[in-house]
Amino acid sequence: MKIVDDAPSGLSALDRPNSYIGRAVPRPNLARLTQGRGQYVSDVVLPRMAHVAFARSPHAHARIVKIDTAAAKKSPGVIAVVTGAELAKVITPWVGVLSHLKGIKSAPQNAIAVDTACWQGEAVCAVVARTRAEAEDAVELVQIDYQELPPVTDPETALDAGTPVIHAALGDNLTFERKLDVGEVDKALAAADAVVETTFVFGRHTGVTNEPRAVVADWNPGDQRLTVYHGTQAPHMTQNLFAKHLGLEEHQVRVLTKDVGGSFGIKVHIYADEMATVALSKLLKRPVKFVADRIESFVTDIHARDHRVKAKIAVTKDGTITAFEIDDLTGIGPYSVYPRTSGIEANQIVNLVGGPYTCPNYRGHARVVFQNKNVMCQYRAVGHPIATAVTEGLVELAAAKIGMDPLEIRRRNLFADNAYPAQSAAGLKFEALSHHASLDKLVTMMNYDALRAEQKALRERGVHRGIGFASFIEVTNPSAAFYGVGGARITSQDGATVKLDAQGAIIVHSGVTEQGQGADAVIAQCVASAFGVAIDKVRVITGDTDNTPYGGGTWASRAAGIGGEAAWQAGKALRQNVLAVAGSILQAKPEDLDIRNGVVVDKGTVTERLDLAELARIAYFRPDTLPPGFQPELMATRHYVPRGWPFAFTNGIQASYLEVDTDTGFVTLLKHWCVEDCGTIINPQLVDEQVRGGVVQGIGAALFEHCRYDERGQMLNGNMADYLVPMACEMPDIEVGHMVSPTADSELGAKGAGEAGTAGAPGSVMNAINDALRPLGAIPLCEMPFTPDRILHALMPGFRNS
Amino acid sequence: MSERMVEIALTVNGEPVSERVDARKTLVDFLREDLSLTGSHVGCEHGVCGACTVRVDGLVVRGCLMLVAQCDGARVETIEGVSDAGEIADLQAAFTQRNALQCGFCTPGMLLTAQELLLRGGAPSREVIREHLSGNYCRCTGYHAIVDAVESVAKARAGDGQ
Amino acid sequence: MKPAPFAYAKARSLEETVALLGEHGDGAKLLAGGQSLIATLNMRLSAPSLLIDINGLRDLAGISQRDGMVQIGALTRHAEVERSEVAAKHAPLIAQAMPHIGHPAIRNRGTFGGSVAFADPAAELPACVLALGGELDITGAKGKRSVKADAFFKGLFETALGPQDVLTAIRVPAATAHSRFGFAELARRHGDYALVGLAASARADGKGLADVRLAYFGVDSTALRARKAEAALAAGSLDKAVEALDGDLDPPDDLQGSSKLKKHLAGVLLRRVAAQLSEARS
């Protein structure tokens, strides 16, 4: 495997004119978005459309004794008031389990709670009215008698004998347990020169997509078809689930995504209130719209990353890491989320800890337990931020303990750049990574020596700055290993159909979807490059199950690597078809021709022979002039699925430079760097921007974001004033650099890049804070978010208690 | 004189609008639902995210924290009107060039807020730009490209002697 | 969420406003800037039956200086105060606080009087008014009256304003050559309500300070003066003033921070503000 620095060397097709691979081409959707002419599902209006609002449980755990809807039904504008029991006649419940997570269990979940409400915020009754305001007025009139039940809100005691079991039929509150034991961990721990043992705690937090979840469901009894405008990342997946639970065939369901105001994994799951909306449309035979408002978003959008990880690292005095050990406990909601399950995050953490390093001894144990809190599931970088923070936190603590520079210890333990193919202790298969080259590049980018000198000089003046690193690996381009093998109808392949239109432009239909990362642009770049036209002649259509190939949508950083490869292959195939037509028109051999900039040319002399518009005119309107028997074919479809590797692993390294005000505990972020190796880069600007956005989300987790619950299972800060998302003033400039290790599993060699920023940011910020405070004798900080309270406590033990 | 329904007359993007509105309807909901001007977005309804930012009588405001009833006699401008008038063409171009938007949901609010800063003239520092945009939530970009775009336009406008 | 239904009336005069308040009692609320009110209505935390829009009472807006006092009409928008040369020159403490209030869009609508009347315990302006020893002008059913700042802020969101009262103006002493001011606020993000804040004023008296007024915000149910610390600072000892805060402040634990944290930060802010107070005005 050849690692190329920044500018990818040409695969033959990449050097062609109209090659947009590796170029920062502006996205075609930006004009409408900057003009305020985007079309988000929350903008969709249909004739006779009604709005739904939900009465939601104020209790974390309660039996629903009685629901009196009489007053609500008489409220102005109300069309229907529907309870969970009534809706259960229209839509079946679901269970969020998959067979490849051995032993995972969960209880059936209904679209609207029946009998018992299991988290504060769970929908208990639906009101459908002419306007959202009128629906909310009527919700206040629904009289619900609850019998409160003791809530389960502490993961540490969820499995104790005395703790109530949320779902009696399951026997206990254990969702899933995973154990891994590789090599000889105990022996390594005993023989080590230094062992660091600590507990990392990660605060539960959530995505806060700018556009809340939105769905407009339109059941047409005349056509017996359901059309759903759904701001989802995976329209074919939701198409299947709507059909399955409403008793329809998939071909009776059409899902359209439109523009999506941010997703980050929040919108790749199925939500009870969205299923309820779809069922209500079928029941009421008219369009029904649901847009979660921000307050209900906080208690219904999936939460993530609520983990307590006890961790150990063993090192010898020459800096060799000889063992990693973790014990992870995570408290999810009362149900494992459907269809991807809430066991994946913990499972990933067990898989990923220690991943960048050659250490052969590793023990991982994870338990996922039910809680009477909002549900939890996959959110950007799933598990990686935690695994990376744990690993990189241990590595820097170990370095400090043996008095070694944090980069030096990494140099001694990261997989060598020529070690591939290789496998981690946990069994992760690596095709080609560039840990060392990335580290070297980072050191140069940040001028590491100068920063250390600056840090030293400022310390003498009582100013405490820190530098922290995080090496990471990141899962992208998932094969069926992620979900398919577990029985989920979540596809890992993808497809693209390309067509030459009657004027010589190219129309592409792709199975991946766009939520702002630039999937539409990347697909266009692949097709334009493979086929041979200017990019402004390419139109991309995504997000419509009626009009795209069966595809997986966009998640786990798959759009460029998988969707892009399908588009690339389709572009090449269409070029062959068009050259066949050109050959028949020009009486030339197709293999002697090429397409450049929308014109058929002689391959050798590059003489222009035939304009594509003219070729299209002849093929569509004057086929009578073509040689006898010749059938022009101006469309092509190709699919692609990764076959060589379960995942296309990427790698990178991040650094955070910050200052801690030791009087106040406030942290000022001065700068952030990330070197990212995502293989062939199709659009460097889009990749860099994905990294930057991901970094800031990770910073949010490290410093600001925390869904706070009290012991009664009440979320205390479910609004934008009390839940702190990163805003512009507190964020640093973020510099991004690249290494390029393409994957051989596809012709393009592109891996994914959407989640890397989030994977490494929290760990690097944590390490930087600890680097700043270590000389002051501070207790190492391992509990996120790093609030002023926690930082002052680290500096002044007993601060909180005295 | 106190009514649940209120008669109002205002201009929106230069067009006169006369309506009888529910007193409780916010300005942004009126624009989106009654006038189908969906370029202004609803992100939180408590004034924190800035996605609903519009201009009233020349000043940026939160569309979710004003009642449309309060806008009787007002001159309201939304992103659609400001964009069609060409007023922020350089800013839109800079955002496009630098990919200072991803999902686009915060973008109308971000553009109108940035324009208010730019209209003051001069070449604000990155710190001043960040401070001015500190009330506009973006989850996608991490803000760096947005600051780049606004900074570049400020410099260009100042350079042209505007 | 959408607000619960209410009626709306646009007030044409102060007298009409007072009359409407009397008619509707607790069911009526004044709508000025609306930046706090409409947010609470949107969340259905409050459901008045009538909103009285006083934005048309333009006589209540404007900032001027006269007879040694700076008068700020209750309806003056924050943005106007922020840009005001009168404020910059004659009420520099207020000018220093303005950029911390929310964000530009909030400041374009929010009003000075609204902030003072709403009296959020973590808001800047009530503390500034307290620190300056200002006076609040009120018109009610029984006519006009003025209340000193020290007597105005009574409890959580509770002020001397009764159900039929309208705050019309805020008057603070104009700065003199001997005036000293200090302002510091700690907030997790720029524009947020303060975690802890301190607005302070004093009079230079030889080498020391007299008339020290230390008004903390974010530490209690209202802005409040740390009187023991004031006395210690006036007596010349910053360290004793910081110690004295322990007796002055008893912050509750809240979502923003623990009581211990707030007390500690209050001490840190006192040191920073004391340094500002000791600088002569340029």
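Strand 2 (residues 62-68) of chain A pairs in the antiparallel sense with strand 6 (residues 143-148) of chain A over 6 bridges. Strands here are DSSP E runs of at least two residues, helices are H or I runs of at least four, and both are numbered from the N terminus; two strands pair if DSSP finds at least two bridges between them. Within that pairing, Ile64(A) stands opposite Tyr146(A) of strand 6. Strand 2 also has strand 4 (residues 116-117) of chain A as an antiparallel partner, over 2 bridges. There, Arg63(A) has Thr116(A) as its bridge partner.

A word on the ground rules. This is a predicted model, where local features need pLDDT of at least 70 and side-chain atom pairs count only at pLDDT 80 or more, while totals for chains, interfaces and linings use all residues. Residues are numbered from 1 along each chain as its sequence is written, chains are lettered from A and ligands numbered from 1 in the order in which they are written, and side-chain values use heavy atoms, with hydrogens and water left out.

Most residues other than glycine have a negative phi, and most peptide bonds are trans. Asp115(A) has a positive phi of about 75° although it is not a glycine. Asp115(A) sits in the loop between helix 3 (84-87) and strand 4 of chain A. Its relative accessible area is 54%, so Asp115(A) is exposed (exposed means over 50%, buried under 20%, partly exposed in between, with a 1.4 Å probe and protein chains only). Gln587(A) is another non-glycine with a positive phi, about 55°, and its place is the loop between helix 15 (559-586) and strand 24 (593-596) of chain A. Gln587(A) counts as exposed too, at 64% relative accessibility.

Then come the cis prolines. The peptide bond from Tyr338(A) to Pro339(A) is cis, with omega near -5°, and Pro339(A) lies in the loop between strand 16 (321-331) and helix 9 (344-352) of chain A. Met784(A) and Pro785(A) are also joined by a cis peptide bond, with omega about -5°. For Pro785(A), the loop is the one between helix 18 (756-773) and helix 19 (788-795) of chain A.

**Where the chains meet**

The size of an interface is often given as the accessible area lost when the parts come together. Buried area is taken that way here, with a 1.4 Å probe and summed over both parts. Contact means heavy atoms within 4.5 Å.

Chain B and chain A bury about 4,000 Å² between them, 53% of it on carbon and sulfur atoms. On the chain B side, Gln102(B), Tyr137(B) and Arg139(B) lose the most area to chain A, together 20% of what that side buries. This contact takes 49 residues from chain B and 53 residues from chain A, and 6 salt bridges cross it.

Chain C and chain B bury about 2,700 Å², with 60% on carbon and sulfur atoms. Here 35 residues come from chain C and 27 residues from chain B, and the interface holds 2 salt bridges.

For the table, a salt bridge is a side-chain nitrogen of Lys or Arg within 4 Å of a carboxyl oxygen of Asp or Glu.

| Salt bridge | N to O distance |
|---|---|
| Arg126(B) and Asp733(A) | 2.9 Å |
| Lys2(C) and Asp29(B) | 2.8 Å |
| Arg55(B) and Glu87(B) | 2.5 Å |

**Inside chain B**

Domain bounds come from an automatic or database domain assignment. Chain B gets domain 1 (2-82) and domain 2 (86-159), with centres 23 Å apart over C-alpha atoms. The two bury about 1,300 Å² between them, of which carbon and sulfur atoms give 58%. Val60(B), Ile79(B) and Val82(B) supply 39% of what domain 1 buries against domain 2, more than any other three residues. In contact are 18 residues of domain 1 and 16 residues of domain 2. The count between these domains is 1 salt bridge.

Helix 4 (residues 107-118) of chain B has 12 residues and reaches 16 Å from its first C-alpha to its last. That is close to the expected 16 Å, a span worked out as 1.5 Å times one less than the number of residues. Because 12 of its 12 residues are buried, helix 4 of chain B is largely enclosed by the rest of the structure. Among the buried residues are Met110(B), Leu111(B), Gln115(B) and Glu116(B).

**Chain C**

Chain C is divided into domain 1 (7-53), domain 2 (58-173) and domain 3 (179-277). The centres of domain 1 and domain 3 of chain C are 34 Å apart, again over C-alpha atoms.
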